[in-house]
Amino acid sequence: MPENSLKSAQAEGTYRGKLQINVTSSLGLIPIPDATVTISYTGEAGTPIEKLRTDSSGQTQAVELAAPPLEYSVEPTEQMPYSEYNIQVEAPGYETVLVSGTEILPDVTALQPIELTPMETAREEEELIVIPGHTLYEEYPPKIPEDEIKPMDESGEIVLSRVVIPEYVVVY
């Protein structure tokens, strides 16, 4: 999908979707309060459009963001039915995380969980998580064909290609 049509869909601004971020520690899913969350358009990481802080539960308030018209979601079209955003999360004592490609649909609240790694176990570099493009808009290699009949293991187990419901079950 051309980048300029993505920006125009994001910038239309008449339709809105919501985004709430849940920030936890990678060690035991402990909520991280007072983390700084910066939201920007995908492709424009240096230009923040929202800056939020997490509460004592590790959650941000739900923030409204621009989304394309709802009609794009109803029937297949050349236009992407969602907007894409980058989310950067920073907290003292934790590795910074950047999530690229969070999708926002109109009239829906998207929940984005983000786990931060404590500095003691960090890899000394910012963690980058990229959500790949949807299969409707990106080119992916074709699926690798599989044999319809799987070879039998020595255990005698057989994997069927479809679900089979037996007519009778004998219990001993």
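## Overall architecture

From the N terminus on, the elements of the chain run α-β-β-β-β-α-β-β-β-β. That comes to 2 helices and 8 strands, where helices (H or I, at least four residues) and strands (E, at least two) are DSSP runs numbered from the N terminus. This is a predicted model, in which local features need pLDDT of at least 70 and side-chain atom pairs count only at pLDDT 80 or more, while totals for chains, interfaces and linings use all residues. Residues are numbered from 1 along each chain as its sequence is written, and side-chain values use heavy atoms, with hydrogens and water left out.

Of the 172 residues, 34% count as buried; buried means under 20% relative accessible area, exposed over 50%, and partly exposed in between (1.4 Å probe, protein chains only). The accessible surface of the chain comes to about 11,700 Å², and 54% of this belongs to carbon and sulfur atoms; the areas come from the Shrake-Rupley method with a 1.4 Å probe, and for residues only the protein chains shown count as cover. Among contacts in the chain with a separation of 6 or more, 62% are between residues 24 or more positions apart, a contact being heavy atoms within 4.5 Å.

## Confidence

The chain averages a pLDDT of 83, and 83% of the residues score at least 70; pLDDT is the predictor's confidence in each residue, from 0 to 100. Over residues 1-12 the pLDDT is below 50, and this stretch has 20 contacts in the model beyond near neighbours in sequence. Where pLDDT is low, the predicted coordinates should not be read in detail.

## Nonpolar core

The largest nonpolar core has 22 residues, of which Leu-19 and Ile-39 touch the most other members. Such a core is a set of buried Ala, Val, Leu, Ile, Met, Phe, Trp, Tyr and Cys residues joined through side-chain atoms within 4.5 Å. At least two residues of this core come from each of strands E1 (15-25), E2 (36-41), E4 (63-67), E5 (83-90), E6 (97-104) and E7 (109-116). E4 supplies the largest share, 4 residues.

Not counting residues up to four places away in sequence, Ile-39 touches Leu-19, Ile-21, Pro-48, Ile-49, Glu-50, Leu-52, Val-63, Leu-65, Tyr-85 and Asn-86.

## Buried polar side chains

Thr-54 is found in the loop between strand E3 (48-53) and E4, and is buried at a relative accessible area of 4%. A polar atom of the Thr-54 side chain lies 3.0 Å from the backbone nitrogen of Asp-34, and the backbone nitrogen of Ala-35 lies 2.9 Å from a polar atom of that side chain. A polar contact is a pair of N or O atoms within 3.5 Å; within protein, one must be able to donate a hydrogen and the other to accept it, and residues adjacent in sequence count only if both atoms are side-chain atoms. Leaving aside neighbours within four places in sequence, the residues in contact with Thr-54 include Val-23, Ile-32, Pro-33, Val-37, Gln-59 and Thr-60.

Ser-83 is in strand E5 and counts as buried, at 0% relative accessibility. The Ser-83 side chain reaches the backbone oxygen of Ala-66 at 3.2 Å.

## Salt bridge

A search of the whole structure finds 1 salt bridge, defined as a side-chain nitrogen of Lys or Arg within 4 Å of a carboxyl oxygen of Asp or Glu. Arg-16 forms a salt bridge with Glu-64, with the closest N and O atoms 3.9 Å apart. The pair links distant parts of the chain, with Arg-16 in strand E1 and Glu-64 in strand E4, 48 residues apart. Arg-16 counts as partly exposed at 34% relative accessibility, and Glu-64 counts as partly exposed at 41%.
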